[in-house]
Amino acid sequence: MAPLAVVLVFIMGVFAVAALWVEADIRDQDIAERTAAVEKLFVQKLDKDTNLMIATLRAMMTNPSIERAFRDLDRPALSRQMGSLFANLRDKHHITHLYFTGPDLINLYRFHSPEEFGDEIDRLTTIKARDRQDAEHGLELGALGTLTLRLVMPWRRDDRVIGYLEIGEEIEHLISEIREGLAVDMLVLVDKRMLSLQQWQRGQTLMKREGNWARFANHVALAQTTDRPLAALDDRVLQSLLAGRTAEIEDSGRSLHLAAVPLKDAGQRHIGNLVVIRDITALKSAFNWSIVAVTAISLLSAIGVLGVFYLALDRVERDYRRQHDLEHQLLRVNAEYGRILQLEKLSALGTMVGSIAHQLNNPLVGVVNLAQLAERGVDDPVRTRELLGEIRSAGEDCRSFVKRMLAFSKVSSFESKPTSIAALIEDTVLLFRQTETRHLPVEVKLPDQAVVLAVDPILLRHALFNLLVNAAQATSDDSAIVISLERDVDPARGAPGWALAVSDRGRGMPPEVMEKIFVPFYTTRSDGTGLGLPVVQHVALLHGGQVNVSSEPGHGTRIAIWLPDSLSDA
């Protein structure tokens, strides 16, 4: 009982660990999906606000009064024309920056800071707008520590640039909108190397913010959607986030899952990171309660199992004798099984012997017939020499096949070599004509170009010879047997290849016969062996091909050996 209890406790421990691992993996996948959604939504909102700012600047450029004041460098007139409009844009559309800058990039008017003017604007978006003479936009980090989406547009009249309009918005409202849409908090961190401490402190004073420059070693927080700083987010956790990993922290009784998205400015420089913060307190609490409930149920179930097992122990002794008898029966079954295996081995040996006899019989019949013809033509040395050459070729085929069967375990590594299919067909037809007593006509249809495939010529010749013999046996009249070689595509794999087909106009095969033609020893003829088509199929499989059969009773049969085009050598 004690070992069983230990095993049950171990199983429950493994289950708990596995559940924790799966739950952590699910949380990682969720924060990864939310981080990707934040990144995508952030880009979409930047594009949407950029389009809105483009429309705003174009509307300004259509106002003659604003254009006149800009041309005349009339600051009071610009203030009268644009003051109320800028206030409206700031209050309703989050526009925080509006610049009127001359063609020499000297600032004429800052509506968000009217007292500052006359300085040169050398930000990247302004320089790129001047160089390209087209609108430029992107995130830019201000000297005072503000991260702003800026759009700069050249104002052209009569093929001349009268100046540049720049409009911008700080990103605080963007991350607030994303927080409402995706239910995650965000923290904007900027690399300290991009800022000056004095300028940043001055910006914090002007914007009435209370930032902490020393909180992180290499970064400073510019904006956040949380009500208070996360005390548990320190440099160690931050370095893990910047390395591309996620992190979990406990802060003020909350469980938070964190990931980071890189931030790039208009010049594609990496200026900082957007930290995505998801509150998983409720999820972890629900999961922990689920683990406790499942563990309690499992313990109760284990106690019940142990009780049932204890009650079952008294039956073991009664069942022992019956088990002993079953073991004796099993021994007898094993002995019977061994006898069946021996019979199967003998059957397999008989199958191999029958296959050898079938494969050797056809060429040997040809040898006998050719020898008889040689006896008759002994007075014709040339004809006798030709017949002896055919006999030698058939004998070499038989010797090669016997050698192959002796190494039966290596039959799958057949000896392939580049072989002209036309020559192989010609040799096979010649042997068939010497052995077939009715001398049925054979038509050969070959493509215009020579076809050379890497095949085993002996095995493929045997397969083709078997198909010719079957076609002759199925033909009751003097109809011609047709051998064709044509391009074909394997319908199952869609691979290109060649179909070597033998067609007859004989009696055809009904569906019930078609289902069994590749079963060894199945035959419809009293003198047949039932090994011809199984051998053809085996040869095709060795070449990486297959056998396709189509037949219609009373209209003949077509059997094609499909060979893949990857073997083609021409």
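A crossing of two helices is left-handed if the near helix is turned anticlockwise from the far one by less than a right angle. The model I am reading is a predicted one.

**Entry 1: the whole chain**

I began with the overall make-up. The protein chain has 13 helices and 17 strands. It runs to 570 residues, and 41% of them count as buried. I also looked up contacts along the chain. Taking contacts with a separation of 6 or more, 64% are between residues 24 or more positions apart.

**Entry 2: helix 11 and helix 13**

Helix 13 covers residues 532–542, and helix 11 packs against helix 13 at an angle of about 145°. Their axes are 9 Å apart. I listed the residues that meet. Helix 11 brings Leu 459, Leu 460, Ala 463, Asn 466, Leu 467 and Asn 470. Helix 13 brings Gly 532, Leu 533, Val 535, Val 536, Val 539 and Leu 542. I sorted the residues of this contact by type: nine are nonpolar, three are polar and none is charged.

How many of the residues of helix 13 are buried? I found eight of the 11, so helix 13 is largely enclosed by the rest of the structure. The buried ones are Gly 532, Leu 533, Pro 534, Val 535, Val 536, Val 539, Ala 540 and Leu 542. After helix 13 comes Gly 544, with a positive phi near 75°.

**Entry 3: helix 10 and helix 11**

Helix 11 has another partner in my notes. Helix 10 (residues 421–435) packs with helix 11 (residues 457–474) at an angle of about 45°. The axes of these two are 10 Å apart. That angle makes helix 10 oblique to helix 11. The crossing of helix 10 with helix 11 is right-handed.

I wrote down the contact. On helix 10 it is made by Ile 421, Leu 424, Ile 425, Asp 427, Thr 428, Leu 431, Phe 432 and Thr 435. On helix 11 it is made by Pro 457, Leu 460, Arg 461, Leu 464, Phe 465, Leu 468, Val 469 and Ala 472. By type, I get 12 nonpolar, two polar and two charged residues in the contact of helix 10 with helix 11. Leu 460 of helix 11 is on my list for helix 10 and on my list for helix 13.

**Entry 4: aromatic rings**

I turned to ring pairs. The structure holds six aromatic pairs. I took Phe 70 and Phe 100 as an example. Their ring centres are 5.3 Å apart and their planes stand at 85°, so I logged the pair as edge-to-face. Phe 70 lies in helix 2 (residues 64–71) and Phe 100 in strand 1 (residues 97–101), so the pair ties together parts that are 30 residues apart in sequence.

I looked up Ala 129 in helix 4 (residues 124–132). Ala 129 is buried, with a relative accessible area of 0%. Leaving out residues up to four places away in sequence, Ala 129 touches Asp 134, Glu 136, Val 152, Pro 154 and Tyr 164. I checked the backbone as well.

Next I looked up Thr 146. It sits in the loop between strand 3 (136–141) and strand 4 (147–157). Thr 146 counts as buried, at 9% relative accessibility. Beyond its neighbours within four places in sequence, Thr 146 is in contact with Glu 140, Leu 141, Glu 170 and Met 207.

**Entry 5: positive phi in loops**

Leu 105 is not a glycine, yet its phi is positive, at about 65°. Leu 105 lies in the loop between strand 1 and strand 2 (107–110). His 439 also has a positive phi, near 55°, and is a residue other than glycine. His 439 is in the loop between helix 10 and strand 12 (442–445).

His 439 is exposed, with a relative accessible area of 60%.

Notes:
Residues numbered from 1 in each chain as written. Predicted model: local features only at pLDDT ≥ 70, side-chain atom pairs only at ≥ 80, totals over all residues. Heavy atoms only, no water. Axes fitted to C-alpha atoms, helices over the stretch in contact; angles between N-to-C directions. Helix = DSSP H or I, 4+ residues; strand = E, 2+ residues; numbered from the N terminus. Parallel < 35°, antiparallel > 145°, perpendicular 65-115°, else oblique. Contact = heavy atoms within 4.5 Å. Nonpolar A, V, L, I, M, F, W, Y, C, P; charged D, E, K, R; others polar. Buried < 20%, exposed > 50% of the residue type's maximum accessible area, 1.4 Å probe, protein only. Phe/Tyr/Trp six-rings, centres within 6.5 Å; stacked < 30°, edge-to-face > 60°.
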